[in-house]
Amino acid sequence: MILITGGAGYIGSHVNKLLNNSGYETIVLDNLSKGHKSAVKWGELVNADLSDRDKVREIFQDNDIEAVMHFAAFSSVAESVEEPEKYFKNNYENTLNLLRIMKEFRVRKFIFSSTAALYGIPRSIPINEDSELKPINPYGESKLMVENLLKDESDFGGLKYVSLRYFNAAGADLDCEIGEDHNPESHLIPLVLDAAIGRRDSISIFGDDYSTPDGTCIRDYIHVNDLADAHLKALQYLEEPFNDSNIFNLGNGNGFSVREVVDTCKKVTGIDFDVKIEGRRPGDPDILIADSKKAEEILGWKPKITELEDIVESAWNWHKKIHV
C-alpha cells in the first residue's frame with residue numbers, strides 16, 4: 001500500500017492514477033484545502049491534515065504502508081512571501097510529523113515532491129543537481145529545510161528517500177479524467193487559457209526586456225504525466241534494496257519563453273485575446289532550464305511529451321471540459 005499525501009492535488013492525483021494503473025494500491029491523505037475530492041478516482045481518500053498526528057497514526061495502524069509519496073505542501077511563491085509562517089508550518093513542520101510517524105511504524109521509503117525553487121537565481125544553465133542551493137523565497141526555503149531533514153534521516157535514521165526537484169509542471173491527463181484546477185490559479189498556461197476562454201479579460205507578461213531572444217522569461221515546462229512516470233520509477237528505484245537515497249531534477253530540458261507560451265495557446269485554441277506588457281516581478285530569473293541527465297541515467301526516466309504544443313493541447317482539452 002502506498003500513502004500519497006496531497007493526492008487530491010494537481011500532481012498527486014496524476015501520480016495516484018498511474019500507480020493504480022500500474023498495480024499498486026493507494027491511500028490518499030488530503031485535507032482538501034487545495035485539492036479536490038473529485039480528483040481522487042482511484043484508491044481510498046482520507047480527509048485529514050498532517051498536523052493531526054492521531055489521524056495520521058491511525059492510517060499507519062490500519063494499513064500496511066510500504067512507502068510514502070509526499071505532495072502535501074503549499075506552493076505559491078507570492079503567498080509564501082506574504083505568509084512565511086504558514087509555509088514553514090505546513091511544508092516543514094507537518095513533514096516532520098509525517099516522518100516521525102513513519103519511523104514509529106518502520107516505514108522507510110519516502111518520495112518527496114521538491115522544487116527547482118531551491119536553486120534561486122542560478123549562476124549557469126542548464127541547472128544540475130550539484131548547482132548551488134540558494135532559494136529566494138520562503139516556499140523554496142521550506143522545501144530546502146525538508147531536503148536537509150531527509151538527508152539527516154537517511155544518514156542517521158535509516159530512511160531511504162528520493163527527492164524530485166520539478167521545474168514547471170504543466171498539461172493534463174490525456175484521458176481528461178483529471179487536470180490542473182488551482183484556486184487561485186498561479187501557473188502560466190492555465191492563466192493564458194483563462195484569457196482564451198473568456199474567464200479573464202487579458203493576460204499579462206511581466207517584463208519583455210530580459211536577456212532572451214524575445215525579451216521574455218524562459219522556463220522549462222514538464223508534462224504532469226512525465227512527472228507521474230518519474231514518481232513511479234523513483235518508487236521502483238527504492239524497492240531495490242541496495243539503492244541509496246538520491247535527488248533528481250525533473251525537466252523537459254528545453255526552454256520556452258512566456259511569449260512562446262502565449263502564442264502557442266493562441267494557436268492551439270484558435271482564439272485571439274488581449275496581451276498586456278507589465279513591469280518585471282522581483283526575483284524572476286531570465287532563464288531556468290533543467291539538466292535531467294541524472295534521472296535518465298539512474299532512473300531510466302525520460303520525458304515523452306516534450307513539444308510545447310502537445311503540452312498546451314492537453315491542458316486546453318481539460319480546461320474546456322471544466323470551464324465550458
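# Reading contacts in a predicted model

Q: How many salt bridges does a search of the whole structure find?
A: The search turns up 21 salt bridges. In general, a salt bridge is a side-chain nitrogen of Lys or Arg within 4 Å of a carboxyl oxygen of Asp or Glu.

Q: What should I know about the model before going on?
A: This is a predicted model, in which local features need pLDDT of at least 70 and side-chain atom pairs count only at pLDDT 80 or more, while totals for chains, interfaces and linings use all residues. Residues are numbered from 1 along each chain as its sequence is written, and side-chain values use heavy atoms, with hydrogens and water left out.

Q: Which residue forms a salt bridge with lysine 17?
A: The partner is aspartate 175, and the closest N and O atoms are 2.8 Å apart. Helices (H or I, at least four residues) and strands (E, at least two) are DSSP runs, numbered from the N terminus. Here lysine 17 belongs to helix α1 (residues 10–21) and aspartate 175 to the loop between β7 (168–170) and α6 (188–197), so the pair links distant parts of the chain, 158 residues apart.

Q: Are those two partners buried or exposed?
A: Buried means under 20% relative accessible area, exposed over 50%, and partly exposed in between (1.4 Å probe, protein chains only). Lysine 17 counts as buried at 8% relative accessibility, whereas aspartate 175 is exposed at 55%.

Q: Where do arginine 219 and aspartate 284 lie?
A: Their side chains meet in a salt bridge (4.0 Å, N to O). Arginine 219 is in strand β9 (residues 218–219) and aspartate 284 in the loop between β13 (274–278) and α9 (293–298), so the pair ties together parts that are 65 residues apart in sequence. Arginine 219 is buried at 9% relative accessibility, and aspartate 284 is partly exposed at 21%. Elsewhere, salt bridges that share partners join Lys17, Asp173, Asp175 and Glu177 into one network.

Q: How many aromatic pairs does the search find?
A: Rings of Phe, Tyr and Trp (its six-membered ring) pair if their centres lie within 6.5 Å; planes under 30 degrees apart count as stacked, over 60 as edge-to-face and the rest as tilted. The whole structure has five aromatic pairs. One of them is the tilted pair of phenylalanine 74 and tyrosine 87, 5.6 Å centre to centre with 55 degrees between the planes. Phenylalanine 74 sits in the loop between β4 (67–70) and α3 (77–82) and tyrosine 87 in helix α4 (residues 84–104), so this pair ties together parts that are 13 residues apart in sequence. Phenylalanine 74 is buried at 13% relative accessibility, and tyrosine 87 is buried at 1%.

Q: Which ring does the charged end of lysine 294 sit over?
A: A charge sits over a ring if NZ of Lys or CZ of Arg is within 6 Å of the ring centre and within 35 degrees of the ring normal. For lysine 294 the ring is that of phenylalanine 248, with the charged end 5.4 Å from its centre.

Q: Why is strand β11 largely enclosed by the rest of the structure?
A: Five of the five residues of β11 (residues 246–250) are buried, so the strand is largely enclosed. Asn246, Phe248 and Leu250 are buried on one side, and Ile247 and Asn249 on the other. Two strands pair if DSSP finds at least two bridges between them. Strand β6 (residues 160–166) runs parallel to β11 and is joined to it by five bridges; valine 162 has asparagine 246 in β11 as its bridge partner.
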